[in-house]
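User: Let's go through this one together. I'll ask whatever comes to mind, and you keep the answers plain.

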Amino acid sequence: MAFKPFVTFNNGNCCPLLGLGTWNSKPGEVEQAIKDAIDIGYRHFDCAHIYLNEKEVGAALNEKIKEGAVSRDGLFITSKVLLWNTFHKQDQVVPALKKTLANLGLEYVDLYLIHWPMGFKEDGDLFPRDENDKVLYSDTHYTETWRGMEECVKEGLTKSIGLSNFNSQQIQEILDMASIKPVNVQVECHPYLNQTKLYKFCEANGITLTAYSPLGSPARPGAKPDDLILLKDPKLKELGDKYNKTPAQILIRYQIERDIIVIPKSVNKERIQSNFDSLSFTLSKDDMKILDGLDRQDGRMLKLENIADHKDYPFSIEY
C-alpha cells in the first residue's frame, strides 16, 4: 500500500506515520472530524471501544468510502475497540472484535490492540466497582488474551495485532509465548516522556511504536492547574519560531523523525489541517537532540494511580 510516509510492520503490512486520534472526541463532533481529515489527506484513524464513539467513526468512514473519496484498502484503521479491560478472556476476544466491526461497519481492522495489560472483572460495566467504589479486577492474564488476538488474525478480522500500555517485561512475556508476533506497541510518548529505552527494546524485537498524547494531553481528564504543560515549554517556542511552526507541529514532527507513529487528536478542522502540515518540514539532528533533552522522570501524564495496586499495572517499572 502506498502510504507516505509510513512504517513497515514485521509482517510486511504498512502503516501511515501520521494518524488522527479519536480519544475524547465527542459523538456529534468526531464524525465531521473524520470526514474533514479524509478530505485533508489522513488515511490512518485510531479508535477504541472505551471512547464511546465508534458508531460515529464508522458512519464517517463508510460515507467517505461510498462517495468515492477513499477506498477501504486505502485506509488504515487501528482499534482497541471492544478489547477493553473487561474482555480479556480468550473466548471473549473474537466476539468482541466482531461486535466492534459491526459498529464500525467494516469487515476488518488493520491493527487490533490489547488496550491495557490489566484485566477488570468480566461480564459487567466497563469500570466494575464494589460498594466502596473500588475497581474490581480479573485474574485473567494478558497471555490468555493474546491467544484470542491470534484467533482474530486467523479468522481475517484484523491484519495485524499489537499491544497498548505494556512495559518491556510484559511485552517480552508476549514474545516468549506468541505464535503471531505483535507488530506495534502504543504508549504515551512526547519529549517529557520520550520512551527511548522502550523504543530501543521494541526496535530490537522488530516492533514499531505509536505515540499517543504526543502533545502532552493538555485536555486530559483530571489535569490539575499546576501540572506540566508541554506545549508551553520555552524550548518548543524557540524551535517553533525557528521553523515558523506551532509547538504542536514541532511535537508531531519529532515523532515522525523518529519513525514513531503519531496520532494527535482534534475535532477542529484548522488544527487537523495544521497537524497534517507536520509532514511538510524536517527537524535538524541538533534540534532533535534538544527535544530529546526535555525527557524527565515526572513526565508521564496518564498514570492511572487509582489502579496501581493491580497485579499487571504497567508503570511500576522503568520502561
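This is a predicted model: local features need pLDDT of at least 70, side-chain atom pairs count only at pLDDT 80 or more; totals for chains, interfaces and linings use all residues.

User: OK, what follows α1, and what's its phi?

Analyst: That's G41, with a positive phi near 135°.

User: Switching to rings. How many aromatic pairs are there?

Analyst: The whole structure has 6 aromatic pairs. Rings of Phe, Tyr and Trp (its six-membered ring) pair if their centres lie within 6.5 Å; planes under 30 degrees apart count as stacked, over 60 as edge-to-face and the rest as tilted. One of the pairs is Y42 with F276, tilted, at 5.1 Å centre to centre and 45° between the planes.

User: Where do those two sit in the chain?

Analyst: Y42 is in the loop between α1 and β4 and F276 is in helix α9, 234 residues apart, and the pair links distant parts of the chain. Y42 is buried, at 1% relative accessible area.

User: Why is the Y313 and F315 pair called edge-to-face?

Analyst: Because the planes of Y313 and F315 are at 75°, with the ring centres 5.5 Å apart. Y313 counts as buried at 12% relative accessibility, and F315 is buried at 18%. Ring pairs also link W116, Y313 and F315 into a cluster.

User: Now strands. Which ones does β6 pair with?

Analyst: β5 (residues 76-79) is joined to β6 by 2 bridges, and 5 bridges join β6 to β7 (residues 158-164). Both pairings run parallel. Two strands pair if DSSP finds at least two bridges between them.

User: Which residues face each other there?

Analyst: S79 stands opposite Y112 in β6, and L111 has S160 in β7 as its bridge partner. As for cover, 6 of the 6 residues of β6 (residues 109-114) are buried.

User: Last topic, holes. What's the volume of the largest cavity?

Analyst: About 80 Å³, and the structure has 1 cavity of 30 Å³ or more. On a 1 Å grid over the protein atoms alone, a cavity is a set of points where a 1.4 Å probe fits but cannot get out, and a pocket is an open set with protein on both sides within 12 Å along at least five of seven lines; lining residues have an atom within 4 Å of a point. Grid points are joined across faces, edges and corners, and a volume is the space filled by probe spheres set on the points.

User: Which residues line the cavity?

Analyst: Among them are N165, R300, P314, F315 and E318.

User: And the second largest pocket, which residues lie nearest its centre?

Analyst: L193, D295, R296, Q297 and E318, out of 16 lining residues. That pocket holds about 410 Å³ of space.

Notes:
Residues are numbered from 1 along each chain as its sequence is written. Side-chain values use heavy atoms; hydrogens and water are left out. Buried means under 20% relative accessible area, exposed over 50%, partly exposed in between (1.4 Å probe, protein chains only). Helices (H or I, at least four residues) and strands (E, at least two) are DSSP runs, numbered from the N terminus.
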